[in-house]
Amino acid sequence: MRIASWNVNSIRARHDRIGAWLDRSDVDVLAIQELKCKDEQFPEDLFTSRGYEVSFHGLNQWNGVAIASRVGIEDPEIGFAGIPSFGEEPVVEARALSATCGGVRVYSLYVPNGREVDHPHYAYKLEWYRALTADIAAQLGDDPDKKLVLCGDFNVAPLDEDVWDMEEFEGATHVSEPERQAFNTLLDAGLTEVTRQFTPGPGVYTFWDYQRLAFPKKKGMRIDFELASPSLAAQATGAEIDREERKGKGASDHAPVIVDYEV
């Protein structure tokens, strides 16, 4: 089974590129983040016309997640146990969606950015990680053989080599110790990040800012991953980051991350 994760940074703006990518990528399941649309604006036909079932969750022009599958979608669920809210009038944002696809529980996750280390959004990010970790640990505690994978934009660069220059990130989010600890604690819940073994760094990134010619200057970050449970991680046979999809007019600032599993 080929499972991909892609922060598309507006599904409507990326409509044609997503369709063309699906036509050539041969993915069975695509976990999508940052839809930037309400449910009634979601281009469902983009997927159903290609033989994919799709589940999606979008509330406004920010956030939003979806899962498209050509191996079935069962028991779609928005959010996860204990998912926190954010804002002056607290809202549970559209950042998490899961469904069972071909026997694998697939999550599409858009982890909060954090903004700045002294910003309330940063504390929200860490709380979000704590709640997600508790939920996944409970699931794998109940069923250690469960096949599940967390796909998404985790908004953390776990290693120094996951950014182009650590000096440029001094005092910034994405590389702070509490964020990296949150990411590693999630792994300690029983997950394996399955892409790095097939796409080792340094200099391997999944995100390049639109500003300051970041992409041609190779100033990127590795923040998009697939975290698999033990039974699924053991079946990972290959992975790639489709850097070519970051090129050209109308590209997302993230590249698709693809993993093949013998499922």
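Predicted model: local features only at pLDDT ≥ 70, side-chain atom pairs only at ≥ 80, totals over all residues.
When I speak of helices (H or I, at least four residues) and strands (E, at least two), I mean DSSP runs, numbered from the N terminus.

Let me stay with α4, which covers residues 177–188. Buried, in what follows, means under 20% relative accessible area, exposed means over 50%, and partly exposed is in between, with a 1.4 Å probe and protein chains only. In α4 the buried residues are Glu-179, Arg-180, Ala-182, Phe-183 and Leu-186. Seen down the axis of α4, these buried residues fall within an arc of 155°, so they line one face of the helix; the arc is taken from the directions that run from the helix axis to the C-beta atoms. Turned away from that buried side is a face that carries the exposed residues Glu-177 and Asp-188. As for partners, the buried residues of α4 pack against α3 (120–142), β8 and β12 (224–228), where contact means heavy atoms within 4.5 Å. Just after the helix, Gly-190 takes a positive phi of about 125°.

The other helix I would like to show is α1, residues 15–25, in which Arg-17, Ile-18, Gly-19, Trp-21, Leu-22 and Ser-25 are buried. The cover over these buried residues includes β1 (2–7), β2 (29–33), α2 (45–48) and β14 (257–261). Following α1 comes Asp-26, and its phi is positive, near 60°.

That brings me to the aromatic rings. Rings of Phe, Tyr and Trp (its six-membered ring) pair if their centres lie within 6.5 Å, and planes under 30 degrees apart count as stacked, over 60 as edge-to-face and the rest as tilted. On that basis, a search of the whole structure finds 10 aromatic pairs. One of these is the pair of Trp-6 and Trp-21, which is tilted, at 5.1 Å centre to centre with 55° between the planes. This pair links distant parts of the chain, since Trp-6 is in strand β1 and Trp-21 in helix α1, 15 residues apart. Trp-6 is buried, with a relative accessible area of 1%, and Trp-21 counts as buried at 0% relative accessibility.

Phe-154 and Phe-183 form an edge-to-face pair, with 5.9 Å centre to centre and 90° between the planes. Here too distant parts of the chain are linked: Phe-154 is in the loop between β8 (148–153) and α4, Phe-183 is in helix α4 itself, and the two are 29 residues apart. Both Phe-154 and Phe-183 are buried. Elsewhere, ring pairs link Phe-42, Phe-47 and Phe-56 into a cluster. There is also a charge over a ring, which requires NZ of Lys or CZ of Arg within 6 Å of the ring centre and within 35 degrees of the ring normal: Arg-95 lies over the face of Tyr-110, at 4.9 Å from the ring centre.

How many disulfides does a search of the whole structure find? It finds 0, with a disulfide taken as a pair of cysteine sulfur atoms within 2.5 Å. For Cys-37, the closest cysteine sulfur is that of Cys-101, and at 19 Å it is too far for a bond. The sulfur of Cys-101, in turn, is 9.3 Å from its closest cysteine sulfur, in Cys-151, which is again too far for a bond.

Finally, some backbone details to look at. The peptide bond from Gly-201 to Pro-202 is cis, with omega near 5°, and Pro-202 lies in the loop between β9 (192–193) and β10 (207–208). His-174, in the loop between β8 and α4, has a positive phi near 80° although the residue is not glycine, and His-174 is buried, with a relative accessible area of 8%.

Note on methods. Residues numbered from 1 in each chain as written. Heavy atoms only, no water.
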